[in-house]
Amino acid sequence: MAGLIPKSFIHDLLDRADIVELVDSRVALKKAGKNYQACCPFHNEKSPSFTVSRDKQFYHCFGCGEHGNAIDFLMNYDGLDFPDAVEELAGIMGLDVPREQTANPQKSHQKQQQLRDDAELMAQCAKYFQHQLKHHHESAKAIDYLKNRGLTGDTVKKFQIGYAGSEWDGLLKTFAKSPGQQQQLVDLKLVNQADSGRHYDFFRQRIMFPIHDRRGRVVGFGGRIIDSEGPKYLNSPETRLFHKGHELYGFWQLQQQRSKPSQVVIVEGYMDVVGLAQAGIDYAVASLGTATTAEQLQRLFRTTTQIICCYDGDRAGRDAAWRALENALPLLKDGVDMRFLFLPDGEDPDSLVRAQGAAAFEQKLNEAVSFIDYFFEHFLADIDPSSDAGRSQLLSQAKPKIEKVASDFYREALMEKLAVYLRREKSQLERYVEKPESQRQAQQTMKMTPLRKAIALLLQYPKLGQTVPLRDELKQLKLPGIELFSQLHQQTSSGLATTAQILESWRDTEYHEALIKLASWEHQLEDEHISAEFNDIFVYLIDQYVEQRANDLLKKEQNEQLTKAEKQEYMMLLRHLQKKR
């Protein structure tokens with residue numbers, strides 16, 4: 001699939017899709033006038049504030065502010081990236097997604113073909129390791145290890161667990177039939193090349209855990225050593241196919257079981273994910289040996305409303321938890337929850353669930369520390385708030401973190417608790433702590449100038465673009481947004497676009513967020529008055545241009561002689577303005 005998805009295809013796709021049917025397939029909608037309503041699927045609420053418009057092909061929640069077209073809904077509800085959401089919507093409509101030719105189509109095609117070949121090779125290697133688990137002469141040792149860890153054959157099969165033997169060139173001999181194949185194995189970090197030029201297998205004498213991406217492709221491996229020397233776990237390095245900070249071990253398996261789990265547990269190791277799944281806790285994922293990244297958290301927050309970070313209670317575990325919290329600050333919005341569970345020294349989720357059972361482990365999950373409590377627990381481990389110096393230090397360290405929090409609820413709750421530790425009223429602290437820039441912009445009341453009203457009405461009722469022709473002179477009006485209005489008018493002059501299609505065409509521009517707000521603006525106009533209001537604004541803009549042009553000619557006359565045509569134009573403009581007065 002080389003190249004970008006053509007915008008024309010996305011336009012046609014949104015034209016064919018019915019957002020009401022799409023949303024209703026996932027969230028039960030009820031008719032409410034000419035629109036449809038439900039309790040918002042993106043935040044917790046008791047009364048419905050989530051509205052879907054068939055006319056506009058647009059949804060908007062008046063509670064949390066989530067909004068968008070059919071593609072946005074799939075991105076937010078199903079946790080998909082933009083290209084995957086387009087693929088999903090096209091699949092629902094029974095369409096194949098075309099791709100544009102790039103500047104160098106041959107090179108682009110080669111790159112895409114290379115990735116397909118890489119994925120195919122990784123899949124073959126995963127099957128090779130699975131075969132070795134059963135047939136290698138050391139397989140009894142590997143199988144005994146897995147049995148001692150309490151795993152059944154079904155669990156091993158579900159996670160496609162395999163074994164890499166002790167030979168230096170087992171994988172190499174099997175798949176490197178040519179110099180090109182050997183280089184491909186090196187590129188995918190399945191084979192290493194020594195300084196001497198000798199090639200050898202990267203993974204040896206290890207239990208092998210394939211890492212799948214969200215499409216189910218094997219993109220990397222994790223290897224757990226059994227009884228030889230070396231690091232306990234060895235992970236695939238970054239390759240052209242594998243980007244560690246984007247993937248989560250066990251996420252693909254989780255999605256096969258539960259598309260919208262009520263909670264997801266983040267653990268540290270492969271065996272923790274597999275061991276919990278063996279016990280029936282099939283909603284755990286691992287962050288591949290690193291602190292949980294913003295990309296990983298964003299995917300999870302699109303999938304569930306509650307994340308529990310379950311780490312070892314040692315220093316390394318707490319450091320990993322804090323980095324996860326820091327990465328989550330700008331992602332935390334109202335309606336989602338993040339909690340933290342630290343296990344006793346020497347215990348991990350796998351050992352704990354085997355020793356105490358699933359019910360006991362889930363009870364510990366229920367007792368996980370809240371995001372707010374852990375936030376202050378981290379600071380107070382090194383700060384004494386009983387002294388002025390300690391309170392000052394707490395404010396200086398907590399303030400920049402609180403300012404990053406996206407959620408109004410969490411930011412207010414953190415402020416209230418901070419005020420208690422600082423022995424101040426919360427109102428006294430508000431001047432110190434600013435809201436995130438995105439929040440400040442979102443909460444600013446947009447002043448609805450006549451031009452903004454015209455843009456909002458044009459967005460919400462694109463057929464208005466056919467009712468009034470846009471004169472070229474009006475494009476010269478010196479008003480912020482007139483160029484945007486002109487482009488929107490041109491888009492809607494054919495009358496074929498919907499609100500969703502217009503907004504999609506502006507997705508990657510600086511105007512997109514502003515247009516989203518205007519598309520959601522409640523104009524309080526009766527249907528029969530909308531066209532008249534738009535026409536009145538159009539007349540107002542023309543009057544503004546007439547006045548601007550007259551002033552420009554008057555200024556010119558003060559410096560130089562007007563031409564005969566300019567004098568006639570000036571007198572005509574004055575007569576027009578006098579009639580208006």
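Thr-155 belongs to helix α7, which spans residues 153-158; helices are DSSP runs of H or I with at least four residues, numbered from the N terminus. The model is predicted, so local features need pLDDT of at least 70 and side-chain atom pairs count only at pLDDT 80 or more, while totals for chains, interfaces and linings use all residues. Residues are numbered from 1 along each chain as its sequence is written, and side-chain values use heavy atoms, with hydrogens and water left out.

Thr-155 has a relative accessible area of 9% and is therefore buried (under 20%, with a 1.4 Å probe and protein chains only). Residues up to four places away in sequence aside, Thr-155 touches Val-274 and Gln-278, contact meaning heavy atoms within 4.5 Å.

A nonpolar core is a set of buried Ala, Val, Leu, Ile, Met, Phe, Trp, Tyr and Cys residues joined through side-chain atoms within 4.5 Å.

| Core | Residues | Named members |
|---|---|---|
| Largest | 101 residues | Phe-221, Tyr-249, Met-338 and Phe-371, with the most contacts inside it |
| Another, apart from it | 32 residues | Among them Leu-14, Val-20, Cys-40 and Phe-73 |

Beyond four places in sequence, the contacts of Tyr-249 include Phe-159, Tyr-270 and Val-274.

The lining of the second largest pocket comprises 15 nonpolar, nine polar and 19 charged residues; Ala, Val, Leu, Ile, Met, Phe, Trp, Tyr, Cys and Pro count as nonpolar, Asp, Glu, Lys and Arg as charged, and the others, Gly among them, as polar.

Terms used. Helix = DSSP H or I, 4+ residues; strand = E, 2+ residues; numbered from the N terminus. Buried < 20%, exposed > 50% of the residue type's maximum accessible area, 1.4 Å probe, protein only.
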